[in-house]
Amino acid sequence: MNSTLGFLLPSISMPMMISSLTAGYHTDYGMLMLAVFITTLPTAVVFFILQKSFAEGITGAIK
């Protein structure tokens with residue numbers, strides 16, 4: 001249970017951190033885009049590593 005929360009907590013707290021970067025009258029778009037990139041990077045890496053498995057699963061479900 002503790003390891004599951006350790007995995008899910010960053011996925012919940014990172015979007016909240018990104019939304020706090022847009023508060024106020026001035027938005028630093030460079031910092032905002034860097035935060036979005038850093039948040040998206042782990043998901044993209046896992047997808048590209050497991051891309052073959054995802055494709056095999058999809059083609060197996062269609063047959």
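Analyst: First, a term: contact means heavy atoms within 4.5 Å. By that rule, and leaving aside neighbours within four places in sequence, Thr 22 is in contact with Thr 27 and Leu 32. Keep in mind that this is a predicted model.

User: How confident is the predictor, and which element has the lowest mean pLDDT?

Analyst: The mean pLDDT of the protein is 77, and 75% of its residues reach 70 or more. Among the elements, α1 has the lowest mean pLDDT, 66. Helix α2 has the highest, 87.

User: What secondary structure does the protein have?

Analyst: Three helices and zero strands. The order from the N terminus is α-α-α. Helix α1 covers 2–20, α2 covers residues 29–49, and α3 covers 51–62.

User: Where is Thr 22, and why is it called partly exposed?

Analyst: Thr 22 sits in the loop between α1 and α2. Its relative accessibility is 38%. Buried needs under 20% and exposed needs over 50%. The value for Thr 22 falls in between, so partly exposed is the label.

User: Thr 27 is in the loop between α1 and α2 as well. What makes it count as buried?

Analyst: Thr 27 has 18% relative accessibility. That is under 20%, so Thr 27 counts as buried. Beyond its neighbours within four places in sequence, Thr 27 is in contact with Thr 22 and Leu 32.

User: Is Leu 32 buried or exposed, and how do you know?

Analyst: Leu 32 is in helix α2. Its relative accessibility is 11%. The cut-off is under 20%, so Leu 32 is buried.

User: Which residues does Leu 32 touch?

Analyst: Not counting residues up to four places away in sequence, Leu 32 touches Ile 18, Leu 21, Thr 22 and Thr 27. Ile 18 is 14 residues from Leu 32 along the chain, with their C-alpha atoms separated by 6.7 Å. Thr 22 is ten residues from Leu 32, and their C-alpha atoms are separated by 7.7 Å.

User: How much of the protein is buried?

Analyst: Buried residues make up 6% of the 63 residues. The accessible surface comes to about 5,500 Å², and 75% of it belongs to carbon and sulfur atoms.

User: Which residues form the nonpolar patch on the surface, and where does its largest share come from?

Analyst: The members include Met 31, Leu 34, Phe 37, Ile 38, Leu 41 and Phe 54. Together, the patch residues have about 1,100 Å² of accessible area. Helix α2 gives the largest share, ten residues.

User: Leu 50 belongs to the patch. Why is it called partly exposed?

Analyst: Leu 50 lies in the loop between α2 and α3. Its relative accessibility is 36%. That value lies between 20% and 50%, so Leu 50 is partly exposed.

Terms used:
Residues are numbered from 1 along each chain as its sequence is written. This is a predicted model: local features need pLDDT of at least 70, side-chain atom pairs count only at pLDDT 80 or more; totals for chains, interfaces and linings use all residues. Side-chain values use heavy atoms; hydrogens and water are left out. Patches are made of residues with over 30% relative accessible area and no salt bridge: like charges are joined within 9 Å, nonpolar side chains (Val, Leu, Ile, Met, Phe, Trp, Tyr) within 5 Å. Accessible areas come from the Shrake-Rupley method with a 1.4 Å probe; for residues, only the protein chains shown count as cover. A salt bridge is a side-chain nitrogen of Lys or Arg within 4 Å of a carboxyl oxygen of Asp or Glu. Helices (H or I, at least four residues) and strands (E, at least two) are DSSP runs, numbered from the N terminus. Buried means under 20% relative accessible area, exposed over 50%, partly exposed in between (1.4 Å probe, protein chains only). pLDDT is the predictor's confidence in each residue, from 0 to 100.
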